[in-house]
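Subject: Structure handover

Hello,

Here is the structure I said I would pass on, together with some notes on what turned up in it. Please have it open while you read.

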Amino acid sequence: MAVFINEVSRTFGEYLLIPGLTTAQCSPQNISLQTPLVKHKRGEDPRIRLNIPFVSAIMQSVSNDTLAIELARNGGLSFIFGSQSIESQAEMVRRVKKFKAGFVTSDSNLRPDNTLADVLALVKRTGHNNIGITHDGTPNGRLMGIVTSRDYRVSTDSPSRLVQEFMTPFERLTVGKVGITLSEANDIIWNNKLNTLPIIDENQHLQYFVFRKDYDSHKNNPLELSNYTNKTLLVGAGINTRDYAERVPALVEAGVDVICIDSSDGYSEWQGNTIRWIKEHYGDTLPVGAGNVVDQEGFNYLADAGADFIKVGIGGGSICITREQKGIGRGQATAVIDVAKARDEYYKRTGSYIPICSDGGLVHDYHMVLALAMGADFLMMGRYFARFDESPTRKMKIGNNIVKEYWGEGSNRAQNWQRYDSGGSESLKFEEGVDSYVPYAGKMKDNLTTTLGKIKATMSSCGVVTIPELQQKAKITLVSSTSIVEGGAHDVILKDRG
């Protein structure tokens, strides 16, 4: 006979936090959002600790290198999506590891024999007016010159005019050499009244640009998540249970800091075998996350296999229709509570603390605090990050609304059959994700500042200053549907905000 679980499967929207005593210590500047990313033993520090409890979802429409750089600069971590070729994923990881605060790898490049039409097309596609002209049009080719919007006039110049005719040639450029510090580069910029300083190697190959506008940017990111020794940003990558023997070595060679198996159902022998292979070949030098699971049995299986963190959640994502299609899943709040209990029991039994990640089901910012209070160590989000300038998707106008594209890895568009692999043929038998839009929200940093401010304000009202303290002291109550209505604006006529 089937096993019946009588507990109701609940979502975050069915709970509220009850205030605790807010002491003088509970001010926003005293609240820390640091949290462990990977497994560690009792009394030891984790190898990787996040400065904010956010990681970005392993999705084509979310986690590329540009978003990974910006999220790491703000204290979180991205997992570069794995539903692409091994070579292109490794290159994205490599670009993140090459990034230095203030030193920007050029992503807008042309050759001297390109035309003004090519310049205008590139500017339209990237939004960048500073174009590095290299001998082969690559980011690290031999620098021949620079083109900016001041070098041409669209109204009078012919679209067929060659770049070499109007670029600022190398001989007239002020440049810096690789090895220069950011402070030294900024001194050159200010002393020579420059907007841009190219950084080249001994063979005149372009390596980076330093921009005047970024002068203070490195000071504005005190939570930056970087390697303690070489100061490179931290970055993760998603893998599957099919080609890991080829994909993982390429990612390691590119400098990846942590990997995560990307699957809709992590309670499988395929994941166990994948984790064991990684541990056999890399030991503890390469942390690996696993999942997704929704109960204690799933957690224990992956923990015993050697997972360094475990993702929780099936069917709760805004673009996920697994529950609708297969009837598989669990309310996200109930899943987090159950898996957190298993995590704590495992810690008591073994002395190893395995962080858990809540993946999906977050509608409002206060749901983030509820997920953390219920036991999640950090949160994986897709829709939240897909809205920002730094995500890889197109910004579009639909009616009167500015939106960005957002699609699930279970959609035919993603063609990520490996994530839903059950050992069958290499195709999606049916979709478990949708293709959609999300409202455009602007720059990541502006939105993160607001969200983190809300989280700290809520923690302050709970009377806590750290995430572990929140998990120990939070008081959580179930709410009725009527009280949910009561929690919003009601019985009034709202003014038109337009």
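Does Asn 64 count as buried or exposed? Asn 64 counts as buried because its relative accessibility is 9%, and the cut-off for buried is under 20%. Before going further, please keep in mind that this is a predicted model.

Asn 64 sits in the loop between β5 (54-56) and α1 (65-73). Its side chain reaches the backbone nitrogen of Leu 67 at 3.2 Å. Not counting residues up to four places away in sequence, Asn 64 touches Ile 80, Met 92, Glu 390 and Pro 392.

The chain as a whole

The protein chain has 498 residues, and buried residues make up 51% of them. It contains 15 helices and 24 strands. Take the contacts between residues at least 6 apart in sequence: 64% of these join residues at least 24 apart.

Strand β19 covers residues 356-359. Ile 356 and Ser 358 point one way from the strand, while Cys 357 and Asp 359 point the other way. All four residues are buried. In a regular strand the side chains alternate between the two faces of the sheet.

β19 pairs with strand β17 (residues 309-312) in the parallel sense, over 3 bridges. In β17, Ile 310 stands opposite Ile 356 of β19. β19 also pairs with strand β20 (residues 378-381), again in the parallel sense and over 3 bridges. Here Cys 357 stands opposite Phe 378 in β20. Together with helix α11 (residues 365-373), β19 and β20 make a right-handed β-α-β unit.

Asp 377

Asp 377 is found in the loop between α11 and β20. It counts as buried because its relative accessible area is 2%. The side chain of Asp 377 makes a polar contact of 2.7 Å with the side chain of Arg 343, and another of 2.6 Å with the side chain of Tyr 353. Leaving aside neighbours within four places in sequence, the residues in contact with Asp 377 include Thr 35, Pro 36, Pro 53, Ile 356 and Gln 471. Pro 36 is 341 residues away from Asp 377 along the chain, yet their C-alpha atoms are separated by 6.8 Å.

Cysteines

How many disulfides does a search of the whole structure find? The search finds 0. For Cys 260, the closest cysteine sulfur is that of Cys 357, at 7.5 Å, so the two are too far apart for a bond. Cys 357 is likewise in no disulfide, and its nearest cysteine sulfur is that of Cys 260. Cys 260 is buried, with a relative accessible area of 0%. Cys 357 is buried too, with a relative accessible area of 0%.

The annotated binding site

An unreviewed UniProt entry carries the annotation "binding site" for Asp 262, Ser 263, Ser 264, Gly 313, Ile 314 and Gly 315. These residues are spread over 54 residues of sequence, but they cluster in space, with a largest C-alpha distance of 14.0 Å.

I looked at two of the annotated residues in more detail, Ser 263 and Gly 313. Ser 263 lies in the loop between β15 (258-261) and α7 (269-282). Ser 263 is buried, with a relative accessible area of 10%. Its side chain reaches the backbone oxygen of Asp 265 at 3.0 Å.

Gly 313 lies in the loop between β17 and α9 (322-326). Gly 313 is buried as well, with a relative accessible area of 5%. Leaving aside neighbours within four places in sequence, Gly 313 is in contact with Asn 292, Val 293, Val 294, Gln 332 and Asp 359. Asp 359 belongs to β19, the strand described above.

A mixed sheet

In what order do the 4 strands of the open sheet come? The order is β7-β8-β9-β10, and the pairing is mixed. The edge strands are β7 (109-110) and β10 (168-169), each of which pairs on one side only. Strand β8 (residues 131-134) and strand β9 (residues 143-147) run antiparallel and are joined by 4 bridges. Ile 133 stands opposite Gly 145 in β9.

Regards

Definitions and conventions
Residues are numbered from 1 along each chain as its sequence is written. This is a predicted model: local features need pLDDT of at least 70, side-chain atom pairs count only at pLDDT 80 or more; totals for chains, interfaces and linings use all residues. Side-chain values use heavy atoms; hydrogens and water are left out. Buried means under 20% relative accessible area, exposed over 50%, partly exposed in between (1.4 Å probe, protein chains only). Helices (H or I, at least four residues) and strands (E, at least two) are DSSP runs, numbered from the N terminus. Two strands pair if DSSP finds at least two bridges between them. A crossover is right-handed if, with the strands pointing away from the viewer, the path from the first strand over the helix to the second runs clockwise. A polar contact is a pair of N or O atoms within 3.5 Å; within protein, one must be able to donate a hydrogen and the other to accept it, and residues adjacent in sequence count only if both atoms are side-chain atoms. Contact means heavy atoms within 4.5 Å. A disulfide is a pair of cysteine sulfur atoms within 2.5 Å. UniProt positions are given in the numbering used here, feature names are shortened, and annotations may be inferred rather than shown by experiment.
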